[in-house]
Amino acid sequence: MYNNDPVIARKLQKIGEEFGIPGPFFTYEEIKMGNVNQTYKVSYIRDDGSGMAQIKSYLLQRINTYAFERPAELMDNIDCVTEHIRREYPHQISLHFHHTKDGKNYLEDRDGFWRMSNYVPSVTFDSCDDPRVIRSTGEAFGDFQMMLSSFEAERLYYTIPDFHNTRKRYQQLKASIEKDPCGRVKEVEAEIEWLLSVEDEACRLTDMEESGELPLRVTHNDTKINNVLFDRVTHKPLVVIDLDTVMPGLVAHDFGDAVRFAANFVEEDCPEFKKAGLDLNVFWAFTEGFLKKTAAQLTSNEVDTLALGCFALACELATRFLNDYIKGDKYFKIKHARHNLERTRCQIALAKDMMKKMNAMNAIVQECARRYK
Ligand code: GN1
Ligand code: MG
């Protein structure tokens with residue numbers, strides 16, 4: 001806290017003022033969690049009512065406008081969705097965004113596009129093999145989707161069009177390979193070759209979506225386990241966060257993205273990519289939690305595509321990381337030069353392992369769906 005850069009502190013304090021948050025400003029801490037937006041926890045000193053000082057914290061985020069080209073629409077989506085949840089499920093903890101003097105839930109200045117929300121004291125997990133936490137994560141994402149099942153999808157903007165259109169992701173990758181702007185293609189020929197060899201299987205879910213075989217729902221679309229906040233003591237889920245990509249989508253997108261992140265033996269960017277693979281125990285626990293909340297409402301077509309969704313999402317993320325590597329690391333935040341390449345290799349190793357385990361994954365899905373129907 002004493003290492004705060006005074007220039008950044010002053011900047012964040014000024015933004016807080018724009019959102020009507022009075023001083024005195026105490027401290028800030030950068031939360032290095034997401035790969036796209038920049039997040040700070042900012043803390044202020046408050047009187048607790050008896051003259052004693054207490055700390056009150058908020059979350060301040062700068063939206064990455066390279067990823068989100070129309071951030072005001074995104075904030076509109078978040079407003080609609082959180083309002084719906086607050087109205088229909090008043091006991092559910094939710095995110096509240098502060099408004100500026102001109103009534104907007106964001107602030108645009110020359111440094112970017114900012115938003116400010118309440119800070120929920122909690123703990124998050126980047127990885128976890130405690131089956132209770134994993135089952136709860138499945139329940140939290142299942143619940144989130146069910147809470148939005150009565151929300152009219154047409155009210156939402158597509159914050160990133162074709163976000164889970166795996167075919168388009170492949171097309172974008174191929175276009176970058178063609179241009180090879182940084183001369184990196186030579187180095188990643190093996191990765192390209194493997195990804196192209198499974199293109200049709202990776203895109204099968206997208207093809208089914210396009211042909212209308214699967215219902216469109218309102219989905220979260222970024223279901224990493226660290227987007228669920230848990231109680232610090234009981235480890236019960238409190239709230240699902242990061243609503244930037246809440247849009248119409250498929251249930252298998254949410255299921256698949258959660259599994260490819262949480263059920264990998266290693267973290268998403270592990271340099272020892274050969275250790276990546278699907279932990280069937282974690283998969284089982286997540287599937288149980290998710291289907292406990294959703295099975296009654298899912299069509300049998302949807303259930304049948306859940307395991308495929310995991311493979312599709314692992315391949316989709318591999319194409320996105322590789323595309324970004326080839327383009328010179330423009331989209332995802334990187335910590336070192338080969339970060340996106342390591343992420344790519346990890347997703348490919350995971351997808352290969354999923355191929356081997358597809359029968360087991362499908363059997364687990366069917367068994368849980370039967371149990372919770
Ligand atoms: C990005 O920023 P974060 O960590 O919430 C990305 C997801 C990826 C993820 C990979 C808007 O999410 O789609 O799965 O990185 N979000 C966006 O770690 O592109
Ligand atoms: Mg996100």
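Me: Where is the place of Leu322, and is Leu322 buried or exposed?

Reply: Helices (H or I, at least four residues) and strands (E, at least two) are DSSP runs, numbered from the N terminus. Leu322 sits in helix α11. Buried means under 20% relative accessible area, exposed over 50%, and partly exposed in between (1.4 Å probe, protein chains only). Leu322 has 0% relative accessibility and therefore counts as buried. This is a predicted model, where local features need pLDDT of at least 70 and side-chain atom pairs count only at pLDDT 80 or more, while totals for chains, interfaces and linings use all residues; side-chain values use heavy atoms, without hydrogens and water. Residues are numbered from 1 along each chain as its sequence is written, and chains are lettered from A and ligands numbered from 1 in the order in which they are written.

Me: Which residues is Leu322 in contact with, leaving aside its neighbours within four places in sequence?

Reply: Contact means heavy atoms within 4.5 Å. With those neighbours left aside, Leu322 is in contact with Leu173, Val188, Glu191, Ile192, Leu195 and Thr344. As for Ile177, its C-alpha is 9.7 Å from that of Leu322, and the two are 145 residues apart in sequence.

Me: What coordinates the magnesium ion (ligand 2)?

Reply: Donors are N, O and S atoms within 2.8 Å of the metal (3.2 Å for Na, K and Ca); water is not among the atoms, so sites may look incomplete. Here Asp222 (OD) and Asp242 (OD) coordinate the ion, at 1.9 Å. The pair links distant parts of the chain, 20 residues apart: Asp222 is in the loop between β6 (217-219) and β7 (228-230), Asp242 in the loop between β8 (237-240) and β9 (247-249). Asp222 is buried, at 18% relative accessible area, and Asp242 is partly exposed, at 21%.

Me: What lines the largest pocket, and where does this pocket lie?

Reply: Rolling a probe the size of a water molecule over the atoms shows where empty space is left. On a 1 Å grid over the protein atoms alone, a pocket is an open set of points with protein on both sides within 12 Å along at least five of seven lines, and lining residues have an atom within 4 Å of a point. The largest pocket is lined by 44 residues, of which Met33, Gly34, Asn227, Ile241 and Asp242 lie nearest its centre. Elements giving two or more residues to this lining include β1 (25-31) and α11 (306-327). Domain 1 (2-118) and domain 2 (131-372) both contribute to the lining, so the largest pocket lies between them; the domain bounds come from an automatic or database domain assignment.

Key: On a 1 Å grid over the protein atoms alone, a cavity is a set of points where a 1.4 Å probe fits but cannot get out, and a pocket is an open set with protein on both sides within 12 Å along at least five of seven lines; lining residues have an atom within 4 Å of a point.
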